[in-house]
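I opened this model to look up its helices, its core, the surroundings of its ligand and a few loop residues. My notes follow in the order in which I took them.

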Amino acid sequence: MIHRSVLAGLTGLLMLTSVAALADTASLEKAQKMAANAGCFACHTIKHQTSKDGTLPIGPAWEDVSAQYKDKPGAADFLTRIVLEGSNPYASHWKNKAAGLAMPPNAVAITEGDARQLVFWILSLSK
Ligand code: HEC
């Protein structure tokens with residue numbers, strides 16, 4: 001009896017994880033499409049990359065952004081505003097990780113709601 005209910009519990013767990021995995025794939029595709037449409041990939045990559053010749057990407061890799069911000073309170077609000085309004089060229093904090101001095105405003109390319117969703121997804125990228 002005990003054995004059977006443990007098994008049932010396990011099956012339930014397995015089903016839950018596969019549903020979560022499906023949801024992840026859907027949001028990954030949605031986020032990537034959103035970012036591509038808004039032109040983010042002109043300057044950003046998702047994965048951290050080290051180039052052999054020492055050239056840096058224009059903007060920081062989103063995995064690095066996630067590692068830097070995911071545990072900071074208010075990060076989602078802060079980053080959504082930066083994405084929409086652009087960053088301060090005098091306060092660049094991605095020295096040696098990005099070649100660009102500042103991010104231009106993206107509000108012409110993405111709505112606030114989409115920017116927020118994208119930022120939530122970016123923040124979830126690092127383990
Ligand atoms: C023209 C190049 C460019 C484009 C297009 C661009 N970014 Fe950026 N982004 C940058 C640069 C450069 C930085 C680093 C800014 C800094 O050091 O303050 C940055 C930083 C960021 C950060 C981290 C901000 C911080 O304060 O650390 C996030 C999040 C981000 N970008 C998301 C996006 C999203 C989402 C889009 C598309 C809607 C986008 N970026 C489009 C160049 C760009």
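The entries below go from overall layout to single residues.

**Numbering and confidence.** I count residues from 1 along each chain as its sequence is written. The model is predicted, and I therefore kept to its thresholds: local features need pLDDT of at least 70, side-chain atom pairs count only at pLDDT 80 or more, and totals for chains, interfaces and linings use all residues. The pLDDT, which is the predictor's confidence in each residue from 0 to 100, averages 86 over the chain, and 81% of the residues score at least 70. Among the elements, I found the lowest mean pLDDT, 70, in helix H1 (residues 2-38), and the highest, 97, in helix H3 (residues 75-85).

**Layout.** I looked up the elements, taken as DSSP runs numbered from the N terminus (helices are H or I of at least four residues, strands are E of at least two), and noted 4 helices and 0 strands. From the N terminus on, the order is α-α-α-α. Using contacts (C-beta atoms, placed from the backbone, within 7 Å), I noted that 59% of those between residues at least 6 apart in sequence join residues at least 24 apart.

**Burial and core.** I call a residue buried if 20 or more other C-beta atoms lie within 10 Å of its own, exposed if 12 or fewer, and partly exposed in between, with C-beta atoms placed from the backbone. Buried residues make up 18% of the 127 residues in the chain. Which residues have the most contacts inside the largest nonpolar core? They are Trp-62, Val-83, Ala-115, Leu-118, Val-119, Trp-121 and Ile-122, in a core of 13 residues; such a core is a set of buried Ala, Val, Leu, Ile, Met, Phe, Trp, Tyr and Cys residues joined through C-beta atoms within 7 Å. H2, H3 and H4 each give two or more residues to this core, and H4 supplies the largest share, 6 residues.

In H4, the buried residues are Ala-115, Leu-118, Val-119, Trp-121, Ile-122 and Leu-123. Leaving aside neighbours within four places in sequence, Trp-121 is in contact with Ser-27 and Ala-31. In helix H2 (residues 62-69), Trp-62, Asp-64, Val-65 and Ser-66 are buried, and what covers them includes H4.

The shell holds 29 residues, the closest being Cys-40, Cys-43, Gly-59, Gly-100 and Met-103. H1, H3 and helix H4 (112-123) each give two or more residues to this shell. By class, I noted 21 nonpolar, 8 polar and no charged residues, where Ala, Val, Leu, Ile, Met, Phe, Trp, Tyr, Cys and Pro count as nonpolar, Asp, Glu, Lys and Arg as charged, and the others, Gly among them, as polar.

**Loop between H3 and H4.** Gly-86 is found in this loop, and it counts as partly exposed because it has 14 C-beta neighbours inside 10 Å. Its C-alpha atom is separated by 3.8 Å from that of Pro-105, 19 residues apart along the chain. Not counting residues up to four places away in sequence, Gly-86 touches Ala-102, Met-103, Pro-104 and Pro-105. Asn-96 also lies in the loop between H3 and H4, and has a positive phi of about 70° although it is not a glycine. Why does Asn-96 count as exposed? Asn-96 does so because it has 6 C-beta neighbours inside 10 Å.

Methods
A residue is near a molecule or strand if its C-beta atom, placed from the backbone, lies within 6 Å of it. Two residues are in contact if their C-beta atoms, placed from the backbone, lie within 7 Å.
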